[in-house]
Amino acid sequence: MQKLIVIIFDERSKARASLKALRDLDRDGELSLFEVALAVKGPNGRVRVIENPDDVNFPAVGVGSLTGSVLGALGGPIGIVAGAAAGALIGFIINLERAGVTDDFVNDVSTAMAPGKFAVVADVVEDSTAPLDERMEPLGGVVFRRTRSEAKSIHHDRDVAAHRAEMERLKAERAQANGERLGKIDAALDRLGKKLEGALLRERSNILRREEERDARIRTLRAKAEQSQEETRQRLEARIAQLEREYERKDTDAA
């Protein structure tokens with residue numbers, strides 16, 4: 001199952017040790033790691049990303065896209081709103097929705113991540129919570145999980161439906177209109193047509209993004225499976241099949 005995981009630590013050394021633990025779990029097929037970041041919350045409440053140690057090399061897909069959105073949210077919604085232009089803020093919110101992040105999840109993690117604490121944010125697939133939890137417990141890590149389940153219809157999908165419905169309503173009204181009112185309806189239809197065109201472009205972009213993410217993740221897992229021992233290879237092949245089912249289900253739900 002695809003998940004976002006945030007692990008909170010009191011000490012930087014333990015947070016860095018968790019990166020090695022994640023690498024080991026990924027190598028053994030206990031979980032599959034696609035993206036990871038290490039960050040600290042400063043006295044002013046700002047979250048700052050710390051570079052990963054040189055000796056920790058992670059195979060990653062879309063580095064920064066999901067973990068970056070989560071880390072940005074941990075800095076606090078007030079800071080996000082104050083510091084972002086409208087377009088950037090909308091994009092940020094959509095990224096959080098795509099990542100499967102909810103207000104409850106952000107609030108729970110933000111409460112645990114007090115100033116001076118460290119967070120490891122990871123985008124993973126795991127079949128069982130036990131392997132990770134058992135490795136984090138000796139390090140004092142507090143683990144938060146959020147299953148990545150994209151909404152059946154994200155914001156711009158709803159825009160497409162709303163614009164189409166409004167255009168149908170205006171067309172029906174236009175059939176009964178004349179004179180000055182007819183001109184106003186035509187102008188409104190023209191504006192809606194441009195909005196619909198933009199929404200359809202965004203919808204197509206989201207479909208392509210989902211396909212690229214699916215293909216990249218599956219390629220990564222297949223490459224690992226080819227280099228793994230039998231038991232680990234079987235785990236990874238089962239995980240590949242599960243991912244393919246999950247993405248197929250998302251495509252069906254969005255149709």
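Visitor: Where is Q242 found?

Guide: In this predicted model, Q242 is found in helix α9, which covers residues 230-254.

Visitor: Is Q242 buried or exposed?

Guide: The test is relative accessible area, and buried means under 20%. Q242 has 18%, so it counts as buried.

Visitor: Which residues does Q242 contact, leaving aside its neighbours within four places in sequence?

Guide: With those neighbours set aside, Q242 is in contact with M1 and D127.

Visitor: How does one check the length of a helix such as α1?

Guide: Compare an expected span, 1.5 Å times one less than the number of residues, with the distance between the end C-alpha atoms. The 16 residues of α1 should span 22 Å, and the end C-alpha atoms are 23 Å apart, so the two agree. After α1 comes G29, which has a positive phi near 80°.

Visitor: Which residues of α1 are buried, and what do they pack against?

Guide: The buried residues of α1 are A15, S18, L19, A21, L22, D24, L25 and D26.

Visitor: How many residues are in the largest nonpolar core, and which have the most contacts inside it?

Guide: That core has 21 residues, and those with the most contacts inside it are F9, L22, L33, V36, V120, L132 and M136. At least two core residues come from each of β1 (2-9), α1 (12-27), β2 (31-41), β4 (118-126) and α6 (130-136).

Visitor: What is M136 in contact with, beyond its neighbours within four places in sequence?

Guide: M136 is in contact with I7, F9, S18, A21, G141 and V143, those neighbours left aside.

Methods:
Residues are numbered from 1 along each chain as its sequence is written. This is a predicted model: local features need pLDDT of at least 70, side-chain atom pairs count only at pLDDT 80 or more; totals for chains, interfaces and linings use all residues. Side-chain values use heavy atoms; hydrogens and water are left out. Helices (H or I, at least four residues) and strands (E, at least two) are DSSP runs, numbered from the N terminus. Buried means under 20% relative accessible area, exposed over 50%, partly exposed in between (1.4 Å probe, protein chains only). Contact means heavy atoms within 4.5 Å. A nonpolar core is a set of buried Ala, Val, Leu, Ile, Met, Phe, Trp, Tyr and Cys residues joined through side-chain atoms within 4.5 Å.
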